[in-house]
Amino acid sequence: MNIQSFVFWLALGPLLAASQLSLAADTPPKKATARDISTKAMETGRAIKDYTLSERDQAVKQAKAGLDEADARIHRAERQAERDWDRMDQAARKKAREALDTLHKERNEAAEWYGGLKHSSAESWEQVKAGFEKSYDALKESFAKARREF
């Protein structure tokens with residue numbers, strides 16, 4: 001697998017996960033286009049913003065599922081990079097390492113806001129939701145940037 005394929009799947013994974021989060025459980029699976037995936041990921045980010053304090057449990061559940069899926073996708077991308085490492089040139093290795101480091105950083109920031117979602121007071125709910133949405137958007141952008149660069 002070349003670095004372009006690696007980064008494409010790295011970028012596509014969380015977007016696929018985000019699209020799955022926003023679909024109803026009883027919706028039959030269908031093939032999604034890249035545009036569909038991008039749209040659904042954006043909708044998932046906006047969905048957190050729309051939750052009220054009384055719907056905190058639903059917001060926390062959706063955010064947790066998104067983080068879990070992002071973790072799984074990042075882990076798979078790391079394993080793929082390890083398998084392909086010997087076939088990558090130095091520049092590709094550096095880019096792959098930087099992309100993974102950025103994804104870890106962005107994911108950790110989203111996780112901090114996730115913690116805030118779970119424990120926020122009524123007074124801070126709106127601020128915490130906005131923080132999570134912003135960090136989620138940054139994570140999506142990191143995946144999109146990696147895809148654009150390769």
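Before we start, one term: a helix crossing is called left-handed if the near helix is turned anticlockwise from the far one by less than a right angle, and right-handed if clockwise. Also keep in mind that this is a predicted model.

**Exercise 1. Work out the overall make-up of the protein.**

Solution. Start with the secondary structure: the protein has five helices and zero strands. Reading from the N terminus, the order is α-α-α-α-α. Next, burial: 40% of the 150 residues count as buried. Last, check the contacts with a separation of 6 or more: 69% of them link residues 24 or more positions apart.

**Exercise 2. Describe how α3 and α4 pack, including the handedness of their crossing.**

Solution. Two packed helices are described by the angle between their axes and the distance between the axes. Step one is to find the partners: α3 covers residues 56-84, and α4 covers residues 90-119. Step two is the geometry, with an angle of about 160 degrees and axes 10 Å apart. Step three is the cut-off: angles over 145 degrees count as roughly antiparallel, so α3 and α4 are roughly antiparallel to each other. Step four is the handedness, and the crossing of α3 and α4 is left-handed.

Now for the residues that make this contact. From α3 they include Val60, Leu67, Asp71 and Ile74, while α4 brings in Leu103, Arg107, Tyr114 and Leu117, among others. Sorted by class, the contact of α3 with α4 has twelve nonpolar, two polar and six charged residues.

**Exercise 3. Decide whether Phe143 is buried or exposed.**

Solution. First place the residue: Phe143 sits in helix α5, which spans residues 125-149. The relative accessible area of Phe143 is 1%. Buried means under 20%, so Phe143 is buried.

How values were computed:
Residues are numbered from 1 along each chain as its sequence is written. This is a predicted model: local features need pLDDT of at least 70, side-chain atom pairs count only at pLDDT 80 or more; totals for chains, interfaces and linings use all residues. Side-chain values use heavy atoms; hydrogens and water are left out. Helices (H or I, at least four residues) and strands (E, at least two) are DSSP runs, numbered from the N terminus. Buried means under 20% relative accessible area, exposed over 50%, partly exposed in between (1.4 Å probe, protein chains only). Contact means heavy atoms within 4.5 Å. Axes are lines fitted to C-alpha atoms, for helices over the stretch in contact, and angles run from 0 to 180 degrees between N-to-C directions. Angles under 35 degrees count as roughly parallel, over 145 as roughly antiparallel, 65 to 115 as roughly perpendicular and the rest as oblique. Ala, Val, Leu, Ile, Met, Phe, Trp, Tyr, Cys and Pro count as nonpolar, Asp, Glu, Lys and Arg as charged, and the others, Gly among them, as polar.
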